Amino acid sequence: MKKPILILILGLLSFCNNAMAQTDPKDIALFPQQNQFRSLSDLSGIWDFKKDPKNLGIQERWFEGLTHTRPIAVPGSWNEQFTDSRDYLDVVWYETKTFVPQGWISEEVWLRLGSVNYHATVWVNGQRLGIHEGGHLPFAFEVSQVIKPGRKNTIIVRVENELKPSRVPTGNVPKGFLTNYPKANFDFFPYAGINRKVWLYTLPKKAKIKDITVKTDFKNTVGKISIEIEKIGTAKSGEITLVGGSRPLTKSFKFSKGKAVVEIDVPNVELWSLENPFLYDLKVDIKDKQTVLDHYELPVGIRTISVNEKSILLNGKPVFLKGFGKHEDFPIFGRGVANPVIIKDYALLKWIGANSFRTSHYPYDEEYYRMADREGILIIDEIPAVGLFFHGDQDDLAERQRMCKQYLEELYYRDKNHPSVVMWCVANEPFPEKMNLSPEGGEPTDPNSIVAFKELFDHIKALDDTRLTTLVGVMGGPVEWIGLADVVCINRYWGWYAQSGEIDKGAAVLNQEIDGLYAALKKPIIVSEFGVDTFPGMHAEQPEMFTEEYQKEFIKAYLDVADTKDFVTGMHIWAFADFKTSQGIIRFGGINYKGVFTRDRKPKMAAHYLKKRWNKKE
């Protein structure tokens, strides 16, 4: 074959690969459920695993079956499971075989992967389903045409987590702010792999509930619920039942153009709140005449969230957010979901007196949100847009903007029905071209960056006008960015990265700065990060940097400043627990030690101080 023809063929193959459509965010709106119309199989366990450092797998057709593999746990990050793969971020392949019951032949069969970092290509029985780009959120493919009921089926996933300036979050950024290895442009480890559960499940073929959107309000003692049901298939009507009050409430509906909206008044409503996170049970049936074709159940918390010039209002009353930024991070699991860790984290949040956290710096596993709904914890839900910058290659900027919008859509469809989610965060610590670590801020703001962030705020507001929005600003970042948000969130480390060792001076700078921000913006402020690296067990007779005494006094000083400001509506300490980072000269042992708990959840002195302060009755 002549070289020009070969180049043309390879180019067309590359085009087809890149042109393959991403998955539909609406396909992850309803979490898989087991009932009389839907079946569910958890594919978690030990899979086969193989590295592909020379990227030969597609050419050698590894998607038809892997050889010379080793075992790997799914879910779980590959960086923590092996002795030779901590910093490996290139191509790998996963394979599992699963039996599909013969009875599934009459159903739609779907495959859902909870999170694959960063880029995934999926095959079932040698047939390519498609791709998904972006970690930390689920994606799903219908596999009805390629699955073989009554026998074992092979699922293969190709994964790569290369750090690139065009990706979200960014990596390998020329002249990046961080000097670390691997060269992530963010201060947490770039864990790779299938980090959450993989599900095989069925949906009714004749008609199915595609989506449910619940919006809530109340007036006096009457709750107001608006429920939009979207269906696919032959169902023409349906019925909803709300259970949890003095008596079940039932209402029928009919579809028009595949959708129906049902309004329910709930007398003597029990509002979802921090003190009483009451959840009603919503049951939805869709029918063809009197025959039920599909069923889905959803917990519903009736509450409102709003904002005025000084406060966040939960059910019309000011609420002060006490809590943390945190990470999905634990030894051996890496970023892999571990339910015992989730239970432990919520127990510690309750023990210490916290009422909220931010999903820094990416969406967490769905179990975190279900737990927050049950336990009465508020969540600021954040996409992985950490470390964005607006100088450099314009194509990279456009690709990052596209990915941010995709993340916001996926986040919305997955999390829109959780009462615990009260705020969407479109970015954490975007960087201006020239940093100026002073209260006065940096250089004049690039107008294109303001346009880009306004697009993201408009995008999420168009999807959901019932929640608040924010953007978390870095020290020295432009006021114009954070001013676009409903709530001003700022990360501040005066007394650590600046005024190092001088807690009083740092607190004074914070006091002056937030007064100025409020005067300029007239919006409530959350200090969404503040903290210091604290080596566990390190002490001194006077507070000294890296000691537990310094951490305690630093946190106390910041909280004391906040107590003097009626426009400060929350304080989130950085961080809940120590976590792994890339290697760098400011990260001893590849760990960020700003946690008030150690990485394995042992309390430092500051945790005991917060327990006493945050549990004190007002």
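1. Let me start with Ala-557: at 14% relative accessibility it counts as buried, where buried means under 20% relative accessible area, exposed over 50% and partly exposed in between, using a 1.4 Å probe and protein chains only. Ala-557 is found in helix α9; helices (H or I, at least four residues) and strands (E, at least two) are DSSP runs numbered from the N terminus. Ala-557 touches Ile-503 and Ala-507, leaving aside residues up to four places away in sequence, with contact meaning heavy atoms within 4.5 Å. By contrast, Ala-557 and Tyr-296 are 49 Å apart in space, C-alpha to C-alpha, and 261 residues apart in sequence.

2. A word on the basis of all this. The model is predicted, so local features need pLDDT of at least 70 and side-chain atom pairs count only at pLDDT 80 or more, while totals for chains, interfaces and linings use all residues. Residues are numbered from 1 along each chain as its sequence is written, and side-chain values use heavy atoms, with hydrogens and water left out.

3. Now to the barrel. Eight strands close into it with parallel pairing, in the order β23-β24-β25-β26-β27-β28-β29-β30; two strands pair if DSSP finds at least two bridges between them. Neighbouring strands of this sheet are turned against each other by 25 degrees on average, direction ignored. Take β23 (residues 321-325) and β24 (residues 356-358): they pair in the parallel sense over three bridges, and the bridge partner of Gly-325 in β24 is Arg-358.

4. Helix α4 (residues 366-375) lies across β24, β25 (378-382) and β26 (421-428), and runs at about 155 degrees to β25. For these angles, axes are lines fitted to C-alpha atoms, for helices over the stretch in contact, and values run from 0 to 180 degrees between N-to-C directions.

5. Helix α10 (residues 605-614) deserves a look: Ala-606, Ala-607, Tyr-609, Leu-610 and Trp-614 are buried there. These residues are on the same side of α10 because they cover an arc of only 160 degrees around the axis, the arc being that of the directions from the helix axis to the C-beta atoms. The buried residues of α10 pack against β23, α3 (339-352), α9 (548-563) and β30 (568-574).

6. The structure holds 39 aromatic pairs; rings of Phe, Tyr and Trp (its six-membered ring) pair if their centres lie within 6.5 Å, and planes under 30 degrees apart count as stacked, over 60 as edge-to-face and the rest as tilted. Phe-49 and Tyr-94 form an edge-to-face pair, 5.4 Å centre to centre with 80 degrees between the planes. Phe-49 lies in β2 (residues 45-51) and Tyr-94 in β4 (residues 92-100), so the pair ties together parts that are 45 residues apart in sequence. Both residues, Phe-49 and Tyr-94, are buried.

7. Two charges are worth checking on screen. The charged end of Lys-50 sits over the ring of Trp-62, 4.2 Å from its centre, and that of Arg-70 sits over the ring of Phe-82, also 4.2 Å from the centre. The criterion is NZ of Lys or CZ of Arg within 6 Å of the ring centre and within 35 degrees of the ring normal.
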